[in-house]
Amino acid sequence: MSKQNKKFPNVREWLGVPYARAERFKKPTLLPYDASQAYDQSGPAAMQTVSVNWLTTDKGLSEDCLNLSIWAPERVTEPLPVVVYTHGGGWTIGSNTQDTSDLSGLVSSGKVIGVAINYRLGALGWLSLSQYGGALKDATNLGLQDIVVALQWIQENIAQFGGDPKQVTLTGHSAGAYNSLALLGVKGTQGLFHRIVAFSGFPSRYVPRWFAEELADRTLKKLQLDNPEELLSVDAETLLNATMSCLDKDPIRLHALDNRNIGMVADWDLPNGVFARNPYEVIASGERSDIDILISSTTYEVGWYVLYGGKDLSIGGLDALVDELVEYFHVPRLQAEKIVQFHYQEGMPFDELRALIYTSFSFTLPATRSLLNHAKAGGRAYQLNIGPAQGALAVHGTEMYGIVGQEAPNASQEQKERDQFVSQTVLNMALGQFDQLWTPVTELVEVKDIGQRPFESNTYIPEILNLFEGVQRT
């Protein structure tokens, strides 16, 4: 049973709908839909190491977190396209209950059905343990396994809510966007989705197996455990904190070329791996050219850490930045010097310079390369770049309310208009209204710019491609 949405009276919602059940470090098992339940309270969020206050969940945190939030227009006269939102949060925090997962705004258009997914986080969802076998044999990319099962549930059940299972668009921000694009290379995903609208996430940043296994070993040592299967009974919060304490605290080096992080693991060479192939290579091959892809990024993504991250990104002067590009990102020294000089402006604080460099390297570069490859392989590809608006700097997350059709608190009129463009873009993709979009990517860079502009993307981004030519961004 549904209830009326508080913000939009023309929207009905079903909250906390279970889609699967999973014991710790086990594969998720698909659950049937029970239409007799009330679904009037949001379900529990995944276990995580932050306060639940900002998640606005009615049922706190739980390992039994595999549930959906579903929104539908009050009156549905024909099957509607489905927008599926996967939240971000660095694979360690977030929920389908937070304000920026609330798709009721998009659904109030009367044109789509909205679904927001929960999946397991931190060590419980992404710590690789399958190398130990036994009771841990399934523990590889469990969070991705959750998302695949959620999409299977949608295929089987969304028609009961007025949705068309043949018109499923994935969207998400940050880790949610990475997860969405990763599905292009995951086994058993054919037919589960048809379009992807990815914000600040790309087919990249896969944790190499060697570090995934190293992180597991470090976690065991941190907890002073000899038998890996003892992890099955460790207190959840203790386990999550132990794994996080084993990671680099510098956000730039955490996402360096080696991706020594927790998140999606490059398990495509394992017999029981979740991935069939590297998604970046799948895109280039044209194997999934039937999937329409739009990727968006902002003009100052990494500036979030300068402004809000509580960390000093300064590591010294220009020479230190060159050294970092060489050592951690394997950029040839002369090329690294050119990259630093290109981004540097006289008098610029070094933390801001570092943020600009890695906005180019970790965001602009993989977005553009992926879309050029997709277009070359015959796929429909669009690129969006979001600049600041009054009261809203264009850092990571600036557009999150717009993605789901909500209005950011205390937003200026300029921000409202910018974010409304984002909302309409998601709708246009979901509805297949490509004539309402802009010129798609071809063999040449083609970017739609919105917001205030520190640069013109169709000139600036080709310069970035040239600067980083030959440099890998996995």
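Does valine 234 count as buried or exposed, and at what relative accessibility? At 14% relative accessibility, valine 234 counts as buried (buried means under 20% relative accessible area, exposed over 50%, and partly exposed in between, with a 1.4 Å probe and protein chains only).

Before going on, a word on what you're looking at. This is a predicted model, where local features need pLDDT of at least 70 and side-chain atom pairs count only at pLDDT 80 or more, while totals for chains, interfaces and linings use all residues. Residues are numbered from 1 along each chain as its sequence is written, and side-chain values use heavy atoms, with hydrogens and water left out.

**Around valine 234**

You'll find valine 234 in the loop between α5 and α6 (helices are DSSP runs of H or I with at least four residues, strands are runs of E with at least two, and both are numbered from the N terminus). Leaving aside residues up to four places away in sequence, valine 234 touches Arg24, Leu223, Leu225 and Leu239 (contact means heavy atoms within 4.5 Å). Alanine 394 is another story: its C-alpha lies 41 Å from that of valine 234, and the two are 160 residues apart in sequence.

Helix α5 itself (residues 209-222) has 14 residues and spans 20 Å from its first C-alpha to its last, close to the 20 Å expected (that's 1.5 Å times one less than the number of residues). Its buried residues pack against α6 (236-245). Just after α5, glutamine 224 takes a positive phi of about 60°.

| Helix | Buried residues |
|---|---|
| α5 (residues 209-222) | Phe211, Ala212, Leu215, Ala216, Thr219, Leu220 |
| α11 (residues 333-343) | Gln335, Ala336, Ile339, Val340, His343 |

Seen down the axis of α11, its buried residues fall within an arc of 135°, so they line one face of the helix (the arc is that of the directions from the helix axis to the C-beta atoms). An α-helix has 3.6 residues a turn, so residues three or four places apart point the same way. The face turned away from the buried side of α11 carries the exposed residues Leu334 and Lys338. The cover over the buried residues of α11 includes α10 (318-329), α12 and α15.

**Where α12 meets α15**

The axes of α12 (residues 350-376) and α15 (residues 457-467) come within 10 Å and cross at roughly 100° (axes are lines fitted to C-alpha atoms, for helices over the stretch in contact, and angles run from 0 to 180 degrees between N-to-C directions). The two helices are therefore roughly perpendicular to each other (65 to 115 degrees; under 35 is roughly parallel, over 145 roughly antiparallel, the rest oblique).
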